[in-house]
Every structure is written in C-alpha cells, then in structure tokens.
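Please read these notes beside the model.

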2 protein chains.
Amino acid sequence: MSDDTAGLERALASLLENYNELNASYIDELDQEPTPLQFMRYVARNRPFIIRGGANNWPAYQRWNARYLVETLGDSPVNVASTPNGLADAVLSQDGKQIFVEPLEQTEPFADAFKSITARGRGEIDGPVKYCQTQNDNLRGEYLALMADVPASIAFAHVALDRKPDAVNFWLGDGASTTALHRDNYENIYAQIRGKKHFLLMAPVIAPCVEERSLPLARYENCGDGGDEKADYGMKAVVQQPVQYVPVPTWDPLKHSKPPNSLGEHLTTYKVDLEEGDMMYLPAMWYHHVRQTGGSEGFSCSVNYW
Amino acid sequence: MSDDTAGLERALASLLENYNELNASYIDELDQEPTPLQFMRYVARNRPFIIRGGANNWPAYQRWNARYLVETLGDSPVNVASTPNGLADAVLSQDGKQIFVEPLEQTEPFADAFKSITARGRGEIDGPVKYCQTQNDNLRGEYLALMADVPASIAFAHVALDRKPDAVNFWLGDGASTTALHRDNYENIYAQIRGKKHFLLMAPVIAPCVEERSLPLARYENCGDGGDEKADYGMKAVVQQPVQYVPVPTWDPLKHSKPPNSLGEHLTTYKVDLEEGDMMYLPAMWYHHVRQTGGSEGFSCSVNYW
C-alpha cells in the first residue's frame, strides 16, 4: 500500500467516525405523519424515519388480501421477474468470475403469477422464485386497478418537495426474494401493506466500504430442461453481448456482517423491520439491502413512491 | 504520481463535473423572503440564495449612518482587529514559510475605532487596517445598543430550522479589509446594511481544490516603532508558542483565479455582490472569500445570523 493510499484510508476512516459521532445510532420512529417542514428537515439532514402504522388508513391496508388482488387484477398481464434462488439484480460467481445478474422477465396473467408466488410462499411448490418488481411506475400502469387503494401522492412529501411522485410502484413476492445491497437516486417513501420487509440501511458516506466493482451484466435465460449442470429450473445466467460493465457493491451484508476491508469496522448498519401498515422515508442515495417475509397468505406486498 | 493518486484525481474531477452539471451556474435571486418550507428546500440542496432588498425594512437600514452609530455606541469599549494590510485570518509568507496570521485584537472606544475606520476609508489617514469582526454574538454583547434595529431572528430560518440563532454579529470595516477563503460550520443569513460586500462562493465539494495545509498559527503583535524591517505600522506577525497547527486553504482566489492543481479547471466560483439592503443565505460549509467597499460615509457594515 502506498503512502497516498494509507493517507486516503485514514481520511475515509475519520469521515466515517465523524458521521457516526454526529448522527444518531438509530432511525427515528414517528407516531404520525410529519408536516412538510418536519419532513424537509429529514431531507436536509439526509436521514430516514419510520412512521409506525402510517399506512393503516389506506384502503390498500384494509383490502389487499389474496382474494381481492386476484379478483381485481384477474388475468391481466403483468411483468414477473424470475430467478432460481430469489437473488435478482445480484452478484453471482460463475466460472470463478463475478457477474451481475438481472432476473428473467416474463409476462404472465396476474392470477397465475400470484398463484405461483403464494404457493411457493406457503411451501406448497418448488420452482423459480418470482417477484413482481418492475419499478417503472407500475401502479399507474399494469396495476392501475389497485391505484385507487393508495394515495395518489404522499401529501407531506408532495408539498415539501413541491413535486408529484415520478413513480408509484407495487411490489409482490414471497420470503425467498432478496434485494441485494444497492442505492437509488430518489427520495423514497415506502409502505409495507402485507407481510414484512427487513431492511439493512447504510448512509451514503459508507460508499468506500462496499467494494464496488464493475461487473459484466448478465441475465437469467431459459435454456430448456436439464442437460446443463449449471441450469437451475431450466435457468442459466448468461452474460449479455456486447459485454456491458455495471458498477455494483460486491459486499454482501448477509454473508459478512462487515465488509472485508479496513474501513468496515467504522461502518454503521441500521436494521429496520417494517410490519404491515408501516411507512418509511428512505433518503436518496442510502444503501439498502432488503429481505421479506410473507404474511398470513404467503405473500409480501409493498408500495413505494419515488 | 502513483496509480492510486491518479485514480483518486480522476474520481474527484468527475465528482466536481457532476456537481457542476447537476447544479445551476448561478445563485438564485429571490424578490421576497422565502417561506420556511421554501427556505428548507435550499438548506436541503445546500444552495445559497440572495434576497435583493431583503433588509430594506429593517430599522438598521434606515438609521445606521455615521452620526447614529457614534451617538448610539459612543465611547463604549469594543474589540477591534488590526492588521497592517487588511488581511486578517490569512496566509502570510514569512522567512520563506507559510503561516496563518490572526489579527491583533485590542479594545478601544467605539467612537475612536469608528473614526479610524472611516477616515482611512475616505483616504484621509494611513495606518493599520481596523475591522470590527468579533463574530462572538457581538450584537447581543458589545453592540447590544444596536440590536433593537435588527430582527431578533430571521423568521423563515427560525421556523424552518426550529431554533433561534446561536449568534448575531455586527461587522464594521472599510474597503481595505479582506476576508480570506474559508468556511464556517453554520447556516448563515447575511445582511448588508451600508457599503457593499463582494463574495466569491464555492460549494463544499471543491474542498480537494483549495490546497489545504496545516500552518503554524501566528498573530500580529505590536513590536514598538521601527527597528525591525518586517514591522508594518509597528506590527509584526509572531508565531504563537507552543506552536499550534491549523488547517487552512492556501489557495488565494484573488492571486490565482483557479487553484494551482489539476482539479482547478473543474471548479465553479460564484460571484455575488451584495448592495445595501441585500440579504444572502450562505449554507454551512460553503467556501467564501469576501471583499468590501465602503458606502458614502467611508464604511461598510453588515449583520449576520448563525
């Protein structure tokens, strides 16, 4: 290690320590929605908060059970992300090299996708892990029939930021789906409707800790039945041609509680569990790793506003 | 240069370029005070703004002329910073080494200090440059008699930040005083009452450009008349014992419009001139270099809220 690098590491360690000293070691929990000004103070400090039961009065919280969702959406076509292991948009080792794998995306009737997800969630079937996670404003697109059950925008954020949401997304999956550590360039209001979500949150300042690498972009593809020992449920990760490299945190906080570098010991991870009806503000550029647990009917579903 | 350092410089250049692309190349000018929420949006984005004429309805704007100030404060003792050249809290080269020099601080009757400052400002006398700049909440201390002429707090900031100002400061000097490039860890509301202030502003992201060094702390001291060829007006910069090192930007934007390093070309400097009655919000940690011009009576005075 050169002197330059050692000096840089000391500076980064000091930055992380200062952040930890200047900020609370927990995430604030509010018992009601903040005013726009109170919200803006969190935005200004780039700090998350949770509102326990913040979505309890949404029609979605009352209505969204298996029967209602299937009756409302029926056989309308939806985009479903499939992986053999629940790890979409994640780092995979293949032939001794790391690649970044996106899920196989397929369109299928909602009722079929919902049946697969919940049957798998209740342990009744085996097979690929399916996750409805398009994140393309899908609640005002393929799930429009559900939009009436959630607010058109989150009033405190809409007033504070003086803009309507760019996207309102519906998420549906079972406990097998995990979202790898990543960050988004959006202020995010997240509401858990059914099941639970388990977040590991980290402030943007920890960027030097996450072992970001440029990895080749791959995608799961169907490669027919058997014959290839690398195929799971007929799926195989295929590096896309021409090769595109994407920057990805390669540290997996589930495998190693601290990143494998000298800065790891200075890192603070905030654990947040959202129960049914809880809301969370996740500031732009915060790292998050997300697991979920199905609710009483075997599925987890959420709504978020970007 | 090692590969590590070259990689770091590329990353920093890219950071500066991204900042420039994502932010306006000018400072917003408002024609009235913002609401607390509008203000908080600027705080959240860490961006300054100017309110032209924002202090025009303050009693200070109507009242503060030479006669009123001298009549109100009379011979009450005030702290005055003196330097031979107007460069207080600045980098000085002495015996081939850089040092950081604080001014000589002396207490004198306000009327005397005011007379020196304005006579020098009108070019009637020569001598040390005096600047009333204690920045220790002096408007609620030695200048308390003037506090009734300014708001106790700036309403939009008080409501938005949910706190009263930590300090309200009065600044009085002539055109010879310059404040070197520095930054403060405070949200700052600045009002120009008499004369003009000429700011060079730079966002916190430019920190790697400013050639920060740890320099020995010195202070101007009176060393009697003549005899020492380094003395100006009987003043000499003396390194304090035991030696303390303070971190200081050594780049002087008046001498070199861009800093002498490879990052300088990516740096954006915002020029802001405040006229009598103008207000400015300067976010915490923004770099600023400040010059001033005396008004019709030869002095410049300002008020700021931290």
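1. Buried area is the accessible area, taken with a 1.4 Å probe, that two parts lose on being put together, summed over both. The model discussed here is predicted. In it, chain A and chain B bury about 1,000 Å² between them, and 65% of this area lies on carbon and sulfur atoms. On the side of chain A, A:Leu37, A:Met40 and A:Arg41 lose the most area to chain B, together 44% of what that side buries.

2. The contact is made by 14 residues from chain A and 14 residues from chain B. There are 4 residue pairs in polar contact between the two chains, while the count of salt bridges across the interface is 0.

3. Three helices of chain A, H1 (3–22), H2 (36–45) and H7 (155–161), each supply at least two residues of the side that touches chain B. H2(A) gives the most, with 6 residues. By class, that side of chain A has 9 nonpolar, 2 polar and 3 charged residues.

4. The second largest pocket has a volume of about 840 Å³. It is lined by 38 residues, and the closest to its centre are A:Asp89, A:Phe100, A:Gln135, A:His182 and A:Asp184.

5. Which strand gives the most to the lining of the second largest pocket? It is S10(A), with 5 residues. Strands of chain A that each supply at least two residues of this lining include S3 (77–83), S10 (178–182) and S18 (287–293). The lining divides into 19 nonpolar, 12 polar and 7 charged residues.

Definitions and conventions
Residues numbered from 1 in each chain as written. Chains lettered and ligands numbered in written order. Predicted model: local features only at pLDDT ≥ 70, side-chain atom pairs only at ≥ 80, totals over all residues. Heavy atoms only, no water. Contact = heavy atoms within 4.5 Å. Salt bridge = Lys/Arg side-chain N within 4 Å of Asp/Glu carboxyl O. Polar contact = N/O pair within 3.5 Å; in protein donor to acceptor, adjacent residues only side chain to side chain. Helix = DSSP H or I, 4+ residues; strand = E, 2+ residues; numbered from the N terminus. Nonpolar A, V, L, I, M, F, W, Y, C, P; charged D, E, K, R; others polar. 1 Å grid on protein atoms, 1.4 Å probe; cavity = no way out; pocket = protein on both sides within 12 Å on 5 of 7 lines; lining within 4 Å. Points joined across faces, edges and corners; volume = space filled by probe spheres on them.
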